[in-house]
Amino acid sequence: NLIPALVSIVAHTGTAAEYDKFYRRFKNAETPQEETRFLFALANFRVPGLIEKTLDLTINGEVGTQNSPYLMRGILLNKEAREKAWSFMKEHWNEMLHKYPDNSIPRMCEGIVGLVTPELEADAREFFARHPVKQGAKQMEQHLERLRIAVACKERWKDLLRP
């Protein structure tokens, strides 16, 4: 029961050395559970170069299309990666639409709830107004509503939440 928590902590604080170990564990996993544990942990690394490596995994074919959208969602939810991930997702949107199963697109987009600044929220709203998600319109409405609430709460409580 401790392994998932430890994997998450190490990824959050990890360096390139830990990233390489996690990547190898993902590629050489003995079980599907181990494979997904280490794959999705890659989304939690905060070092810029490692974030870029993980973003590339979402489209370069190393990760199956059944997992790539969920990896992308995880990167969007990473506070240190969210802006880069959002730009990457917009840039590769059409490619992702062609590669990923239709029903996984709204699930991937759930990661937009991590874009908790007024500017990113406005950009997300504008983007999805121009690029409606074919399957999951209701889910997208819910994701955008959750984002609106998160931004409003952050703005309301920003003085108390200041690090």
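Student: Is Arg-125 buried, partly exposed or exposed?
Tutor: Keep in mind that this is a predicted model. Arg-125 has a relative accessible area of 34%, so it counts as partly exposed.

Student: Which residue does the side chain of Arg-125 meet in a salt bridge?
Tutor: The general idea comes first. Side chains of opposite charge can pair when their charged atoms come close. Here the side chain of Arg-125 meets that of Glu-121, with 3.1 Å from N to O. Glu-121 is buried, because its relative accessibility is 12% and the cut-off for buried is under 20%.

Student: Where do Arg-125 and Glu-121 lie in the chain?
Tutor: They belong to helix 9 (residues 118-130), and they are four residues apart, which means a separation of about one helical turn. Helix 10 (residues 137-156) holds another such pair, Glu-141 and Lys-138, three residues apart and again separated by about one helical turn. The closest N and O atoms of that salt bridge are 3.6 Å apart, and both Glu-141 and Lys-138 are exposed.

Student: Which parts of the chain does the salt bridge of Glu-52 and Lys-84 link?
Tutor: In that salt bridge the N to O distance is 2.8 Å. The pair links distant parts of the chain: Glu-52 sits in helix 4 (residues 48-57) and Lys-84 in helix 6, 32 residues apart. Glu-52 is partly exposed at 40% relative accessible area, and Lys-84 is partly exposed at 33%.

Student: How many salt bridges does a search of the whole structure find?
Tutor: The search finds 14. Salt bridges can also join into a network, as they do for Arg-73, Glu-110 and Arg-146.

Student: How do I read the packing of two helices?
Tutor: Two packed helices are described by the angle between their axes and the distance between the axes. Take helix 2 (residues 16-27) and helix 4: the angle is about 20° and the axes are 11 Å apart. An angle under 35 degrees counts as roughly parallel, so helix 2 and helix 4 are roughly parallel to each other.

Student: Which residues of helix 2 and helix 4 meet?
Tutor: From helix 2 they are Ala-16, Tyr-19, Asp-20 and Tyr-23, and from helix 4 they are Leu-50, Lys-53, Thr-54 and Leu-57. By class, this contact has five nonpolar, one polar and two charged residues.

Student: At what angle do the axes of helix 5 and helix 6 cross?
Tutor: Helix 5 (residues 68-76) and helix 6 (residues 82-91) cross at roughly 140°, and their axes come within 8 Å. These two helices are therefore oblique to each other. Met-72, Ile-75 and Leu-76 in helix 5 meet Arg-82, Ala-85, Trp-86, Phe-88 and Met-89 in helix 6. Seven residues of this contact are nonpolar, none is polar and one is charged.

Student: What lies in the loop between helix 5 and helix 6?
Tutor: Asn-78 has its place there. With 7% relative accessibility, Asn-78 counts as buried. Leaving out residues up to four places away in sequence, Asn-78 touches Ala-43, Asn-44, Phe-45 and Arg-46.

Student: Which residues touch the most other members of the largest nonpolar core?
Tutor: In soluble globular proteins, nonpolar side chains tend to be buried together. The largest nonpolar core here has 44 residues, and those touching the most other members are Met-72, Trp-86, Met-89, Trp-93, Met-108, Cys-109 and Phe-128. Beyond residues up to four places away in sequence, Met-89 touches Met-72, Leu-76, Met-96, Met-108, Cys-109 and Phe-128.

How values were computed: Residues are numbered from 1 along each chain as its sequence is written. This is a predicted model: local features need pLDDT of at least 70, side-chain atom pairs count only at pLDDT 80 or more; totals for chains, interfaces and linings use all residues. Side-chain values use heavy atoms; hydrogens and water are left out. Axes are lines fitted to C-alpha atoms, for helices over the stretch in contact, and angles run from 0 to 180 degrees between N-to-C directions. Angles under 35 degrees count as roughly parallel, over 145 as roughly antiparallel, 65 to 115 as roughly perpendicular and the rest as oblique. Contact means heavy atoms within 4.5 Å. Ala, Val, Leu, Ile, Met, Phe, Trp, Tyr, Cys and Pro count as nonpolar, Asp, Glu, Lys and Arg as charged, and the others, Gly among them, as polar. A salt bridge is a side-chain nitrogen of Lys or Arg within 4 Å of a carboxyl oxygen of Asp or Glu. Buried means under 20% relative accessible area, exposed over 50%, partly exposed in between (1.4 Å probe, protein chains only). A nonpolar core is a set of buried Ala, Val, Leu, Ile, Met, Phe, Trp, Tyr and Cys residues joined through side-chain atoms within 4.5 Å.
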